[in-house]
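Colleague: I am new to this structure and would like to go through it with you. Could we take it step by step, beginning with the two parts of one chain?

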There are 2 protein chains.
Amino acid sequence: MALKHTILAFLSRQSLSGYDVAKEFAEGFGSCFWKASQQQVYAELTKLEQQGKVAYEAIPQPGRLDKKIYSITEQGQQELLDWLTQPCEPSAIREDLGVMGLAGHLVSPQVVIREIERRRQLHLETLQQVKKLDEHFAKHRDSLELKDLYMHLIIRRGIRYQEEWVAWCDEALGAITQAVNR
Amino acid sequence: MALKHTILAFLSRQSLSGYDVAKEFAEGFGSCFWKASQQQVYAELTKLEQQGKVAYEAIPQPGRLDKKIYSITEQGQQELLDWLTQPCEPSAIREDLGVMGLAGHLVSPQVVIREIERRRQLHLETLQQVKKLDEHFAKHRDSLELKDLYMHLIIRRGIRYQEEWVAWCDEALGAITQAVNR
DNA sequence: TTGACATATTCAATTTCTTGAGTATACCGT
DNA sequence: ACGGTATACTCAAGAAATTGAATATGTCAA
């Protein structure tokens, strides 16, 4: 499971609180490549800490629980490095909308059309968000240092993914409309 | 979770043994939209059977465990219908390769390049497979009945998804090579 | 005839993920 | 002053997925 390694990767860039890591998953990286809930992040950080792969500095906060700033340790860095060096497999796709392809004929075409239109809209919105993440990188695309280039490329993947969804929705809507009016 | 509904959707097309359902996940549909292990499928079928959403007919087989042919029940059909009528969310993306975008700078560009080339190859192979699934549908694209059109569109999504990956790999390889030689 | 591959199902341990609640303060706008 | 949102972390139950093994036969090719 790569949640562990994704967290280590975040911390290899900069030290962060659990809250901040969770926010990355929810906003930036999450909309491109990986989603994880806050609880998952906190649980994983606790585990990594017990394994000595990350360490935290507790920042006392008046009147509430300490804020914990996590950093990656030598050991964590090593773990991440080992993982990066190994080949990784394409992740499994699990897409609810796919069920429509199997059983869509059980409902009216209008239901299918409505659902696809809804999806189109959603992906369009996510696309705007992801594009914003890329703005800075895209501007200097040809002079980025590797670290930033990789980040740019991964965001590009996110952009292309969302664009692809929108394009497929258009294709599907066109084909279904045509078939219904036939 | 849609595993349940995906199984119901398969069984709404035709009655199948657990083994056959699992094969669909591994081969056809699996490479497009959903992957599930054999154990998962068997476990889910048992649960669905207990809930009265599927029923099986046991086919005795000399010298080994009965083969069970599962069919969807009225109740299962209803469950599936209800689910299809509700809006569904885009599924979360969880892509190991994304970690490269965060921490790729920790390894040499050659490692990153090698990994992306490997991925390109994998997606190219899957693409060929998925295209085969579509052959029949693509030929009659403009005269498919809805049931088949939906299937075609879902396979099209799979095709586009794989093509998109290949295209991204090309973009990434180009950009990295250029940056390294700079 | 041996070994690989396909058919067909079951069990069980463990890890991961989801869902939902609980605690507590700060800041901003209306 | 109030509600909404953001910050910041914890706990726990239950569902889902992964990993790995066990059982047993049929078929096809080298």
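Colleague: What area is buried between domain 1 of chain A and domain 2 of chain A?

Modeller: This is a predicted model, in which local features need pLDDT of at least 70 and side-chain atom pairs count only at pLDDT 80 or more, while totals for chains, interfaces and linings use all residues. Residues are numbered from 1 along each chain as its sequence is written, chains are lettered from A and ligands numbered from 1 in the order in which they are written, and side-chain values use heavy atoms, with hydrogens and water left out. Carbon and sulfur atoms give 69% of the buried area (the accessible area, with a 1.4 Å probe, that two parts lose on being put together, summed over both), and the total between domain 1 and domain 2 of chain A is about 700 Å².

Colleague: Which residues in domain 1 of chain A lose the most area to domain 2 of chain A?

Modeller: Domain 1 covers 3-85 and domain 2 covers 98-180, with bounds that come from an automatic or database domain assignment. Together, 66% of what the domain 1 side buries belongs to Arg13(A), Cys32(A) and Phe33(A).

Colleague: How many salt bridges are there between domain 1 of chain A and domain 2 of chain A?

Modeller: The rule finds one residue pair in polar contact across this interface, both at pLDDT 80 or more, where a polar contact is a pair of N or O atoms within 3.5 Å; within protein, one must be able to donate a hydrogen and the other to accept it, and residues adjacent in sequence count only if both atoms are side-chain atoms. For salt bridges (a side-chain nitrogen of Lys or Arg within 4 Å of a carboxyl oxygen of Asp or Glu), the count between the two domains is zero.

Colleague: Which residues are the closest to DNA strand C?

Modeller: Being near a strand requires one heavy atom of the residue within 4 Å of it, and 21 residues surround DNA strand C. The closest are Gln39(A), Gln40(A), Tyr19(B), Gln38(B) and Lys68(B).
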